[in-house]
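Please open the model in your viewer and keep the selection tool at hand. The tour below moves from one selection to the next and says what is to be found at each stop.

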Amino acid sequence: MKRKPMQGLLAAALLVTSLWTGTPAFASSIGQEIKIDVSQPEISRDGFDISKEYAVWKVEGEQTLTLYNLSKQTETKIGNKNSEKKKPRVDGKYAVWIDSRHGGADVYLYDIANDEEIRLTSGNASATDLEISGKKVVWSGKSDAGTDIFMYDIATGDTTRVSTSGKASDPTVSDSYVAWEDSRAGNPDIYYYDIGKQKEEVAVEGKAQQTDPSLYSDKIAYLHGQQVYVYTIGTGRNKQLTNTTSSKSGVHIYKDTILYLDDDDLAYQEVGKSSGKEIATSVFEPLAPRIYEDYAMYAKRDNNKKLRLHIYDLDEKEEITLGATSGEPSQPDGSDRYVVYLSESKKKTSVVLYDTEKGTSKIISKSNADPVRPVVSGKYVVWYDKREDALIAYDIRKGTEKQITNEDDDQLPSETLYEVDGTKLLWVNLDRRANLMITDLATGKEIEVTSLKNEPLSVDIYGNYVVWVEESGKKTANIYLYDIEEQDDLLIRKNVEVQSAQIGDDFVVWSENSGGAKNGWDLYYYRIERQRTELLLRYSEGDQKNPQASRNMIIFEDNRLSSKEKDFYYELYDVEDRSYSDIEFDDDAEISSPRIGGNRIVWIDERDGGPVVYTMAFASPRNDDAVEDPEPKPEPEPEPGDYKEYRLIDLMIDGTLGEKLESAGFSKIVFVFFQGTKDEVTLSLKDGLMDSDRMADLFEKAGVRGIDVRIYK
């Protein structure tokens, strides 16, 4: 049965939903160039922090936290992989966060020096706010009176309840004091606890609202209505810092410098100054900025609505890069869902994996590795580690790394001659002669394809075939094709000037010098099923060189339309249709180091002034190349009252649908169809987008007036 077109309002609602979630339907449009710019990490809405030596945040789509060493520019993943984490904080040698792994909201501490994780709360805890300073950790949690502030002393291991009202929240801490927001009088005031005297005191109270306290030493910065104030515990002095009519929020203090949001602009102000200085605009207000010494950390959405982490140096008056993925990119490769490349900085080189569906990046090589030439296919990434003189494979689904070759087993792999297709890794063992090997990455089983006298000029693997180019004379070479299933090789081109050959769907393609004349490099291909070689492209002027193949598409270098012989550009050609592709690079593209794999092309581009990885899909991914996400640990069912419910039609009419969905997050949206009837159906947004036909059927049958939206807390 043919489905009727959806109603206009419904189509608009689904479009809004899909756009802000960055779902696969919109993530990799065919022919659309995607700039992979990770100079600022993409983060979740669960918070971030910065201290003298470390920063901490959570990458969108991950459960672990990223602990970043500011001086070494290295990342460490901390925390359980199967639980939610919120409010990460770091100071000194400790990081803390709120963790759901025991069914509640417990406070966990990570001892960086000892690589040790410690649970600070027990039972079904319900921590909501969290801060750390030195060896003092504070949080708000349930008490017999309601909600109070608790303090944990890392040095002694003691936990102390420091508030008594049962209406305390938003704690902050220094070495000598704890401060918080307290509503015991009916409206929020600022209270503090003197750790030395073990005494609770009121700092600021009144009819107006006193909120957002931030403590450094004995100074409490806070909001009085819409203005920023500073209260000094030692002197009892209360000073107004700002006096503009705009709304302030997100107050954070370090020494005498106070960071705050002015509407959605980020500003800072010294305690003794009469005015502040703006350093950023359009800052993401739900995540409060953080400051340590000269570094201001904040979050902004980019043009694709992804939440990016930024750092501004107050002393140098400039933004700085953050994260080990922010080095200069090189040697990219791609296949369907994933892109990999090297990130090179002065201190280290890392392998970065980019997920085109989620729009997230992460480092997958170890901090002590020295990797080169990463390649990706299916669920595996492979690179050569120069420190180990070995090939390393990374399982994307499991998040694990394995060394594939070992010199103790008489294995010395080439640094450049290896390719991966699905689970099959083709590589050259140079230990004695040049042996072509295939290793099954899933089983570890190895087979020898052939033994050569010398190192081949190129190798490639695709489907059931292997191809290699082997020198036959001073300027000539032979091309061989090997059938993996039949274990049989075939000479398909003999004694020609050729440098490399690549395999696509039912063909092998290469460039050879036809007769040695000027502009004599032309493209040839071998039709595997027909077992014959044919000329693919030849022009009287210009060279066509270095073809790469994937599926039915090739990319090659051409100079026939250039004014200078050495000026090459890149062309895309559809071998199946025997025509140039309709997909084209942007006119501003400055392409180098292109690679083609799966359904996509990746390259380094300097159109924006510096090297950046770009990628573009030329076809839809194939089902057999899809890589499933790791099976998530089921989350406990929400308790009654843990969500708010709206009629879909009301949200669409008043224009708040997109705002509410965006503020809630992808995983917290559930649609309810035919509520209160025997036909009632609930469908999460995540499941609906995975089964779009079912979602569309339910929307069509219920209509926008028969659908409710539950937004979970």
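This is a predicted model: local features need pLDDT of at least 70, side-chain atom pairs count only at pLDDT 80 or more; totals for chains, interfaces and linings use all residues.

Colour E26 and E27, which run antiparallel and are joined by three bridges; strands here are DSSP runs of at least two residues (E), helices are DSSP runs of at least four (H or I), and both are numbered from the N terminus. Two strands are said to pair if DSSP finds at least two bridges between them. The hairpin of E26 and E27 has two residues between the strands, and Glu293 in this hairpin takes a positive phi near 50 degrees.

Ala296, already selected, stands opposite Tyr312 in E28. E27 and E28 form a hairpin with five residues between them, and in its turn Lys305 has a positive phi of about 65 degrees.

**Second stop: the nonpolar cores**

Next, select Ile43, Phe48, Trp57, Leu266 and Ile279, which touch the most other members of the largest nonpolar core, a set of 29 residues. A nonpolar core is a set of buried Ala, Val, Leu, Ile, Met, Phe, Trp, Tyr and Cys residues joined through side-chain atoms within 4.5 Å. Buried means under 20% relative accessible area, exposed means over 50%, and partly exposed lies in between, with a 1.4 Å probe and protein chains only. The strands that each supply at least two residues of this core include strand E2 (43-50), strand E3 (54-59) and strand E24 (265-270), as well as strands E26, E27 and E28 from the previous stop. Then move to Leu648, Met652, Val704 and Val709, which are among the 20 residues of a second, separate core. In soluble globular proteins, nonpolar side chains tend to be buried together.

Select the open sheet of four strands with the order E10-E11-E12-E13, whose pairing is antiparallel. Its edge strands are strand E10 (130-133) and strand E13 (158-161), each of which pairs on one side only. The twist averages 30 degrees from one strand to the next, taking axes as lines fitted to C-alpha atoms and angles as running from 0 to 180 degrees between N-to-C directions. E10 and E11 pair over four bridges, and Ile132 stands opposite Val137 in E11.

Stay with strand E11 (residues 136-143) and pick out Ser143, which lies in it. Is Ser143 buried or exposed? Ser143 counts as buried because its relative accessibility is 18%. A polar contact of 2.6 Å joins the side chains of Ser143 and Asp148; such a contact is a pair of N or O atoms within 3.5 Å, where within protein one must be able to donate a hydrogen and the other to accept it, and residues adjacent in sequence count only if both atoms are side-chain atoms. Leaving aside its neighbours within four places in sequence, Ser143 is in contact (heavy atoms within 4.5 Å) with Asp148, Phe150, Arg161 and Gly166.

Go on to strand E50 (residues 544-550), which is mostly covered, as five of its seven residues are buried. E50 pairs with strand E51 (residues 553-558) in the antiparallel sense over five bridges, and Lys545 stands opposite Glu557 in E51. The hairpin of E50 and E51 has two residues between the strands, and Arg551 there takes a positive phi near 55 degrees.

**Last stop: two further positive phi values**

Select Lys87 in strand E6 (residues 85-91), where phi is near 50 degrees, a positive value in a residue other than glycine. At 27% relative accessibility, Lys87 counts as partly exposed. Finally, find Arg578 in the loop between strand E52 (569-574) and strand E53 (579-580); its phi is near 55 degrees, and Arg578 is partly exposed, with a relative accessible area of 38%.

Conventions: Residues are numbered from 1 along each chain as its sequence is written. Side-chain values use heavy atoms; hydrogens and water are left out.
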